[in-house]
Amino acid sequence: MVFLIIIVAIVVWAVFAYNRLVSLRNQVDNSWRQIDVQLKRRHDLIPNLVEAVKGYMQFERDTLTQVVEARAKAISAPDQASRMAAESQITTGLGRLLAVIENYPQLKADENVLKLQEELTTTENQIAFARQAYNDVVLELNTRIQSFPSNLIAGNFGFKAAEYFKGAPEDQAVPKVDLSMTAPRA
Amino acid sequence: MAASNFRALEATNRRETVVLVVAFMLLLGALGLGLDVAARDIAIVNGQFVGFPVLTIAALVFAGAQSMVSYYSGASLVLLSVHARELTADTPKHQVVLDVINEMATAARMPVPKPYIIDDPSPNAFATGRDPTHSIICVTQGLVDQMDREELQGVIGHEMSHVADYDIRTMMMIAVMVGGIAMLSDFVYRWMFFGGFGARGRGGNNRDNQAAALITVAVIILAALAPIFSQLLAMAVSRQREYLADASSVEFTRNPRALLRALEHIAKIESPLKQGTAGTGHLFIVNPREGVREDDEGFFANLFSTHPPLSRRIARLQALLGAASAPTLDASAQANT
């Protein structure tokens, strides 16, 4: 009798542990898609922004070209690694562009530009928060896969540790707003 | 880590809501029973129970209905009582608020709450609803006007943490039940002073009458104390939650400065909310009533405030800001390694 109760308890625990792992794995996938959605949204916004500001910003051609080229690279990237490298170039370039817009009173008076600026700001934040959320849930999944006793379930049913989202090196440095734009970035 | 923390808090809040509803039923049931005895609908005559406890049953039905209404329509009632309307992107600043709510929902891994706004110049905000998929975040126009993007993130992050750990459910139930108890005790008072009191003489010996008189006194005391008890309850349960929500806001924004700046800003502003907030004060991020924000310490100040003193919350955030500058405590760095 006691033996039976123990068996039942173990089976119930195993079912719960398995379901929890499945749920976390799905959350990891979903969090990844969230990042993807925001990156795509950013791709869509870039041409509009460039179109809106290029008339005003004759002196910032380099910044504009850098963003546009990085976007093209990201879209045609053959693999995940080079795509993420291009995305982080976009992040740097857009950060600089948004900072530079502050120097142009005409741009700051343009309603369309302001609207695009807000859209890009929130998209940048969404990317950062989505990445943060993704890493949080990966941490949770990996902890569960590696720690006893849930690792027994994970091992038997082929759950694999997920990979953290690592930014490119320049991405992790504190973004420095360089208004002169002559010095190379760290 | 963070998520399991939220799950533990969620379990606590689910349990507390059940306890709250049971206690509410018992309190009102006792009230009804006392009234039945007082009105001599029921009595114990020579050891025999006689009569039909109509008021007890009425009170229990009322309590059950009130609990159901609180759970399913509590959020609408709260929004109605503070005169909130749905927030739309009609101005650029409102668009920013909508964007920030979306951002914080992403950071908290929660569904996006429905945004509402109160037309009031005093900066404040609250969250309500029965669970994250039926959640609401409400800001005042004053908050929208006075906060920059970073400060808004801090405030919305705080509200999002109330959503994530189901604080919103407990606090909403308390808000609507406090209103219900106030209504009921008002009714009992009127009924006692203007209604028929023992006019219908029923048999019984002296001892029964004495017992009935005692119970009557108990009912009067209970009816008088009920609103005070429920208010105390609301205060006791909400203070600890504010510290927790402050900490979670920092976790979402990864930026202790955001909420710190917002609270410091609000601390400088004296104007209270104009809308009726008697039953809803504990929902807001800072106490919306006048004269209760100052930094009183001591038993009575603690007993009657729904929020910890702002200066203490600010001090705790400053401590976090100091700690966050140490690289080992940076959560995102941790996750990235």
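Four strands of chain B make an open sheet in the order S3-S4-S6-S5, with mixed pairing (strands pair if DSSP finds at least two bridges between them). Its edge strands, each pairing on one side only, are S3 (84-86) and S5 (125-129) of chain B. On average, neighbouring strands of this sheet are turned by 30° against each other, direction ignored. Helices (H or I, at least four residues) and strands (E, at least two) are DSSP runs, numbered from the N terminus.

This is a predicted model, in which local features need pLDDT of at least 70 and side-chain atom pairs count only at pLDDT 80 or more, while totals for chains, interfaces and linings use all residues. Residues are numbered from 1 along each chain as its sequence is written, and chains are lettered from A in the order in which they are written.

**Strands and a helix of chain B**

- Strand S4 (residues 114-118) and strand S6 (residues 135-140) of chain B run parallel and are joined by five bridges.
- Within that pair, B:Tyr116 has B:Cys138 in S6(B) as its bridge partner.
- Helix H5 (residues 149-164) of chain B lies across S5 and S6 of chain B, at about 20° to S5(B); axes are lines fitted to C-alpha atoms, for helices over the stretch in contact, and angles run from 0 to 180 degrees between N-to-C directions.
- Elsewhere in chain B, strand S1 (residues 42-45) and strand S2 (residues 48-51) run antiparallel, with four bridges between them.
- B:Ala43 stands opposite B:Val50 in S2(B).
- S1(B) and S2(B) form a hairpin with two residues between them, and B:Asn46 in the turn has a positive phi of about 50°.

**Nonpolar cores**

- A nonpolar core is a set of buried Ala, Val, Leu, Ile, Met, Phe, Trp, Tyr and Cys residues joined through C-beta atoms within 7 Å.
- Which residues touch the most other members of the largest nonpolar core? Among its 78 residues, they are B:Met104, B:Cys138 and B:Val155.
- Helix H6 (residues 167-194) of chain B gives the most to this core, with 10 residues.
- The core lies between domain 1 (2-80 + 168-235) and domain 2 (86-166 + 237-331) of chain B, because both give residues to it; the domain bounds come from an automatic or database domain assignment.
- Leaving aside neighbours within four places in sequence, B:Val155 is in contact with B:Ala125, B:Leu143, B:Met147, B:Leu259, B:Ala262 and B:Ile285 (contact means C-beta atoms, placed from the backbone, within 7 Å).

- Chain A has seven helices and zero strands.
- Of its 186 residues, 26% count as buried; a residue is buried if 20 or more other C-beta atoms lie within 10 Å of its own, exposed if 12 or fewer, and partly exposed in between, with C-beta atoms placed from the backbone.
- The contact takes 17 residues from chain A and 16 residues from chain B.
- Helix H5 (residues 111-146) of chain A supplies the largest share of the chain A side, 14 residues.

**Backbone details to look for**

- Most residues other than glycine have a negative phi, and most peptide bonds are trans.
- A cis peptide bond joins A:Phe148 and A:Pro149, with omega about 5°.
- A:Pro149 sits in the loop between H5 and helix H6 (150-156) of chain A.
- B:Arg109 is not a glycine, yet has a positive phi of about 55°; this residue is in the loop between helix H3 (92-108) and S4 of chain B.
- Is B:Arg109 buried or exposed? B:Arg109 counts as buried because 24 C-beta neighbours lie inside 10 Å.

Definitions and conventions:
Two residues are in contact if their C-beta atoms, placed from the backbone, lie within 7 Å.
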